[in-house]
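Subject: A structure for you to look at

Hello,

Here is the structure I promised to pass on. Have a look at it first, and then read on for what turned up in it.

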Amino acid sequence: MPEPASSRHTEQEVDASPSRNLSTLPFSQEPGQVHLRQIHGHSVNSLTDAYLLTGDAKEHARLDAQHAAITLLHGGFVPRGSNEAVNAAIKNPYQDQRPRILDLGTGSGAWAIAMARQFTEADVLGLDLVPVNPGSEPPSNCRFEVCDANKDLDRYPALSFNVVHVRTVLQGIKDYQALFYQAARMLRPGGVFLIVDGTWAAFDVNKNRIQAENTEKPGFTWLHKFMTVLRTATTARNPSFASLERVDEIVKGMGNQTWESVSSAPAFMPVGDWPADTTERQAGEFTRQSLLQALTSTRPLLLTHGLSADEVDQLSEELRSELNENKCPHANLTSPSPTVKSTPLRQMHGQAVNSLTDAYLFAGDAAEHARLDAQHGAITLTLGGLFPSAARDVFQEALASQDGQPKPAILDIGTGSGAWAIDMAKQLPEADVLGIDLVPVNPGSEPPLNCRFEVCDANVGLDRYPSNSFNVVHVQYVLQGVEDYPSFFRQVARLLRPGGICISIEPAPAAFDAEKNRINATKPSDLVRNPSIASVERVDEILRELGDGVWSSVSTTLAFIPVGAWSTNAIEQRAGGLMRQSMLHAISSTRPLFLSRGFSVEDVERLAEGLRAELEESRIQQYMRD
């Protein structure tokens with residue numbers, strides 16, 4: 001087990017009725033939770049300061065009008081060109097589970113209710129910062145929850161939804177890429193991610209962006225002024241909003257490991273009933289109504305930003321006059337959609353394995369993640385913590401924060417069930433922890449706010465992370481899926497900040513007797529699949545060969561984990577019991593690997609039966625070595 005290497009790199013009906021009925025709302029919330037607070041005389045959410053538009057019934061009536069306008073513009077509840085993909089995603093069976101649709105930032109719940117009525121075979125969940133005030137009674141297959149999408153999405157398991165929908169809410173999202181990875185994690189194979197948001201800009205009748213900044217400039221409109229002020233106030237509160245017009249680029253930059261395809265469909269929304277086209281005229285009138293109400297709902301944001309009440313009043317009066325006189329041309333709405341999620345799992349010999357690489361063919365489902373939880377418990381007990389005790393000093397030095405330095409960050413490559421990442425995030429709340437794996441995680445406990453997960457093949461996907469991003473990189477029991485060890489560890493060194501450390505914990509591909517002597521060493525079964533695994537016991541040598549231009553020091557510690565609760569040492573007994581559980585589950589999770597290598601079903605079953613009997617009867621006192 002190479003211990004830390006220290007980096008030296010110093011026809012749909014549209015209902016916009018404002019009527020509200022809370023008594024029939026299927027709504028989940030935490031007991032005693034307060035969702036609204038008063039700011040400048042208006043009710044806003046109590047969960048985040050990144051979004052300061054009002055959250056009351058009047059605002060939800062405005063969002064109903066906005067929903068009606070967008071629905072008319074798109075000719076349906078999803079963007080033009082997305083219907084086929086959405087229909088396919090909802091009708092695509094996933095383990096015989098009922099289709100599910102998630103609406104992030106559901107607002108008044110209008111879109112969620114409409115989709116629940118259109119797709120009665122699906123369950124629809126709408127999330128928002130405040131309880132919804134639906135304009136019509138939700139059907140039985142639609143419900144709502146209060147949730148801050150910036151930090152609470154880990155409560156929803158991986159592979160939970162066929163469609164995830166995000167519309168006009170990005171002004172409240174602090175990290176766009178993190179949100180999009182969360183959407184990818186929650187989507188089922190073949191699922192669709194729909195993003196609909198505006199540029200927060202005004203355009204003239206020729207659909208050219210209005211640039212005039214004051215009333216003396218030709219082409220000036222108060223709508224343009226209003227949008228400009230809103231963008232400035234929102235960006236000051238939430239800097240990520242500056243990337244709003246780069247959403248398409250951000251999504252595409254996540255790569256084909258995350259999305260199978262990405263397409264964009266810009267649309268221009270008229271403001272007012274001036275268009276000759278009937279549909280555009282109706283949409284424009286709904287948008288005008290929505291903007292008139294927005295003069296009130298944006299007031300807390302503008303006043304908090306520092307505008308005086310007189311300045312806000314003047315801006316509101318001028319824009320209200322402009323809207324009432326139908327002087328406004330267009331606002332722009334862009335729809336980077338559909339983004340179709342690539343399949344994270346594929347079926348192989350009756351089991352689900354990752355779809356990104358053939359180098360690692362263990363199962364990738366919830367049962368395997370439960371096995372990895374047991375394995376994590378055994379390793380943690382054996383090491384006396386989440387990393388080798390001999391590494392404690394360099395670990396603490398690597399994480400020591402200094403003035404002017406970014407927040408400590410930890411990367412867990414091959415996070416599996418996410419157990420190590422979650423435990424580390426709980427132990428170090430001052431650090432951000434990112435776990436990456438070939439498949440979405442199924443955490444055994446709820447991750448804290450400073451822990452998140454992404455799907456990534458470490459063989460080809462680490463370039464997405466900037467250099468000098470992490471203080472610690474942790475690699476545990478995953479090198480059987482790494483195709484080029486020197487290249488991999490060079491990438492790890494690139495990712496580490498000056499003084500950072502890499503902790504690599506890997507098992508020897510052999511069993512050891514009670515005296516810790518190697519038992520009949522044989523080549524590992526996945527050597528044919530991934531020849532680099534022949535070097536797994538040379539990791540410390542490989543690290544040293546990279547030279548002191550990469551690592552300032554490399555040290556190695558050997559640890560033996562008993563298999564079974566036969567040891568007289570209490571800690572070893574517990575670790576051995578957990579490792580025995582893990583090995584029993586491994587009989588199933590390794591099946592795709594053996595069968596793909598050419599073993600017959602009979603051979604695999606014979607091997608499995610023999611090992612199961614040995615483990616259950618604890619016939620042999622033996623160790624695994626890290």
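Helix 1 (57-74), helix 2 (83-91), strand 5 (100-104), strand 6 (123-128), strand 7 (142-146) and strand 8 (161-167) are among the elements that cover the buried residues of helix 3. Contact here means heavy atoms within 4.5 Å, and buried means under 20% relative accessible area, with exposed over 50% and partly exposed in between (1.4 Å probe, protein chains only). Helices (H or I, at least four residues) and strands (E, at least two) are DSSP runs numbered from the N terminus. Helix 3 itself spans residues 110-118, and seven of its nine residues are buried. Those seven are Ala-110, Trp-111, Ala-112, Ile-113, Ala-114, Met-115 and Ala-116.

Before going further, please keep in mind that this is a predicted model, in which local features need pLDDT of at least 70 and side-chain atom pairs count only at pLDDT 80 or more, while totals for chains, interfaces and linings use all residues. Residues are numbered from 1 along each chain as its sequence is written, and side-chain values use heavy atoms, leaving out hydrogens and water.

Helix 12 (419-427) is another one to look at. Its buried residues are Ala-419, Trp-420, Ala-421, Ile-422, Met-424 and Ala-425. Their cover includes helix 10, helix 11 (392-399), strand 16, strand 17 (432-437), strand 18 (451-455) and strand 19 (470-476).

In the loop between strand 16 (409-413) and helix 12 you will find Thr-415. Is Thr-415 buried or exposed? With a relative accessible area of 6%, Thr-415 is buried. Leaving aside residues up to four places away in sequence, Thr-415 touches Ala-421, Gly-435, Ile-436, Asp-437, Val-441 and Phe-453. Its C-alpha atom is 9.6 Å from that of Pro-440, which is 25 residues away along the chain.

Now for the cores. A nonpolar core is a set of buried Ala, Val, Leu, Ile, Met, Phe, Trp, Tyr and Cys residues joined through side-chain atoms within 4.5 Å. The largest one has 61 residues, of which Leu-170, Tyr-176, Phe-180 and Phe-193 touch the most other members. Apart from it lies another core of 32 residues, including Ala-425, Val-472, Ile-501 and Ile-561.

Two helix pairs are worth a look too. The axes (lines fitted to C-alpha atoms, for helices over the stretch in contact, with angles from 0 to 180 degrees between N-to-C directions) of helix 10 (residues 366-383) and helix 15 (residues 570-589) come within 8 Å and cross at roughly 155 degrees. Helix 10 and helix 15 are therefore roughly antiparallel; angles under 35 degrees count as roughly parallel, over 145 as roughly antiparallel, 65 to 115 as roughly perpendicular and the rest as oblique. For helix 5 (residues 222-237) and helix 9 (residues 309-324), the axes come within 9 Å and cross at roughly 140 degrees, so this pair is oblique. Here Trp-222, Leu-223, Lys-225, Phe-226 and Val-229 in helix 5 meet Leu-315, Glu-318, Leu-319 and Glu-322 in helix 9.

Finally, two backbone details. Most residues other than glycine have a negative phi. Leu-159, in the loop between strand 7 and strand 8, has a positive phi near 60 degrees and is buried at 11% relative accessibility. Lys-516 has a positive phi of about 65 degrees; Lys-516 lies in the loop between strand 21 (511-513) and strand 22 (518-519) and is partly exposed at 38%.

Best wishes
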